[in-house]
Amino acid sequence: MSAPGKVAEDSVAKQPPVIDIRGVSTRFGKAVIHRDISLQVGPGEMLGLVGGSGSGKTTLLREIVGLLAPSAGEVRLFGQSVLAADPEVRRAVRQRFGMLFQQGALFSALSVYDNIAFPLRELRLLDEDLIHDIVQVKLAMAELTAAHGKLMPAELSGGMVKRVALARALALEPELLVLDEPTAGLDPDRSAGFVKLICTLQKELGFTVVMVTHDMDTLLGLATRVAALADQRIVADGTMAEVLAVDHPFVRNCFASRHAPAVVDKALR
Ligand SMILES: Nc1ncnc2c1ncn2[C@@H]1O[C@H](COP(=O)(O)OP(=O)(O)OP(=O)(O)O)[C@@H](O)[C@H]1O
């Protein structure tokens with residue numbers, strides 16, 4: 001008979017990874033973007049995906065959330081295929097992650113309130129009183145007030161747009177947050193504030209994060225693990241210190257920027 005602690009450990013060990021990318025290859029016409037990529041991300045991890053321009057980072061994020069089918073291989077979220085044939089399975093998987101993509105951050109014709117309420121209304125399960133209460137909670141989580149709810153997206157600063165998009169991504173209490181360049185277009189102070197907000201919420205709510213970023217401060221502030229995409233594959237994957245130890249031209253160039261000393265110091269501390 002196994003000890004009670006052993007049973008608990010076994011059940012944790014059997015949890016499927018939150019993201020399971022298996023043998024993914026991507027082609028657009030003759031261009032090969034990914035070649036046989038496999039990558040698993042476990043609960044609570046915060047993975048930063050880095051790579052040169054055009055290396056296929058956003059494409060991989062689109063495949064993770066099921067917006068694009070890989071040419072070969074499969075992406076599973078929470079143990080289920082994101083492109084499952086059964087629409088009920090797809091819907092259930094869809095409700096377990098939130099995303100914040102660079103393009104189309106908010107619906108410009110809807111108020112802040114209605115943007116955040118949108119995924120809640122889509123469920124067709126909640127009455128308007130409950131939706132109202134949830135929207136207020138999400139506004140507060142994103143450090144916004146009820147008054148912000150009345151504004152239209154065009155009336156918001158860049159930082160506020162990001163916060164509203166984050167509030168909307170968190171509306172359904174996702175277990176996974178997918179972020180494409182979350183701090184792009186923000187000045188360093190706003191960027192640092194947004195990174196801090198995501199970190200605080202992740203500590204409170206425990207969601208898993210996968211993020212694409214070019215910004216070293218964002219990477220250092222958020223990622224507990226880094227994967228580098230180059231030559232159509234993952235050429236480095238691990239802690240920042242482990243990635244820095246990989247001898248690959250992209251890794252050397254990427255971290256040989258003006259930020260390199262800070263990155264190396266923080267990673268190796
Ligand atoms: N739908 C598509 N049809 C054809 N080619 C595409 C499509 N989507 C992306 N590509 C091409 O695939 C390559 C990878 O694009 P992707 O946007 O994933 O790169 P990225 O690493 O995110 O780049 P960046 O850092 O510049 O945003 C690019 O050459 C792009 O032009």
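**Entry 1**

I started at Leu49, which stands opposite Ala227 in β9. This is a predicted model, so everything I note here comes from computed coordinates.

I looked up how β3 pairs on each side. With β9 the pairing is parallel, over five bridges. With strand β8 (residues 208-212) β3 also pairs in the parallel sense, here over four bridges. On the β8 side I found Met46 opposite Val209.

Is β3 enclosed or open? I checked residues 46-51, and six of the six are buried, so the strand is largely enclosed by the rest of the structure. I also sorted the side-chain directions: Met46, Gly48 and Val50 point one way, while Leu47, Leu49 and Gly51 point the other, and all are buried.

**Entry 1: the six-stranded sheet**

Next I wanted the whole sheet. The strand order is β6-β7-β8-β3-β9-β10, the sheet is open, and the pairing is mixed. At the edges I found β6 (97-100) and β10 (233-238), each pairing on one side only. Ignoring direction, neighbouring strands here are turned by 15° against each other on average.

Strand β9 (residues 225-230) pairs with β10 in the antiparallel sense over five bridges. One of the pairs I picked out is Leu229, whose bridge partner in β10 is Ile234. Helix α7 (residues 158-169) packs on this sheet, where it touches β6 and β7 (176-180). The direction of α7 makes about 165° with that of β6.

**Entry 2: the four-stranded sheet**

I moved to the other sheet I had on my list. Four strands form an open sheet in the order β2-β1-β4-β5, with antiparallel pairing. β2 (31-41) and β5 (80-81) are the edge strands; each has a single partner, so one side of each is left without a neighbour in the sheet.

Inside this sheet I checked strand β1 (residues 19-28) against strand β4 (residues 72-77). Five bridges join the two, and they run antiparallel. Ile19 stands opposite Leu77 in β4. Helix α2 packs on the sheet and touches β1, β2 and β4, with its direction at about 125° to that of β1.

**Entry 3: helix α2**

Gly66 follows α2, and its phi is positive, near 80°.

**Entry 4: around the ligand**

Which residues lie around the ligand? I listed Phe28, Ile33, Gly51, Ser53, Gly54, Ser55, Gly56, Lys57, Thr58 and Thr59. Helix α2 (residues 57-64) gives the largest share of this shell, with three residues. By type, I get two nonpolar, seven polar and one charged.

**Entry 5: Ser108**

I picked a loop residue for contrast. Ser108 lies in the loop between β6 and α4 (112-122). Buried or exposed? Ser108 is exposed, because 10 other C-beta atoms lie within 10 Å, and the cut-off for exposed is 12 or fewer.

I looked for its contacts as well. Leaving out residues up to four places away in sequence, Ser108 touches Pro153 and Ala154. I also took a distance to Val164: 56 residues apart in sequence, 12 Å apart in space, C-alpha to C-alpha.

**Entry 6: the whole chain**

The secondary structure comes to 12 helices and 10 strands. The protein has 269 residues, and 34% of them count as buried. Of the contacts with a separation of 6 or more, 64% are between residues 24 or more positions apart.

Terms used:
Residues numbered from 1 in each chain as written. Predicted model: local features only at pLDDT ≥ 70, side-chain atom pairs only at ≥ 80, totals over all residues. Near = placed C-beta within 6 Å. Nonpolar A, V, L, I, M, F, W, Y, C, P; charged D, E, K, R; others polar. Pairing = 2+ DSSP bridges. Axes fitted to C-alpha atoms, helices over the stretch in contact; angles between N-to-C directions. Contact = placed C-beta atoms within 7 Å. Buried ≥ 20, exposed ≤ 12 C-beta atoms within 10 Å, placed from the backbone.
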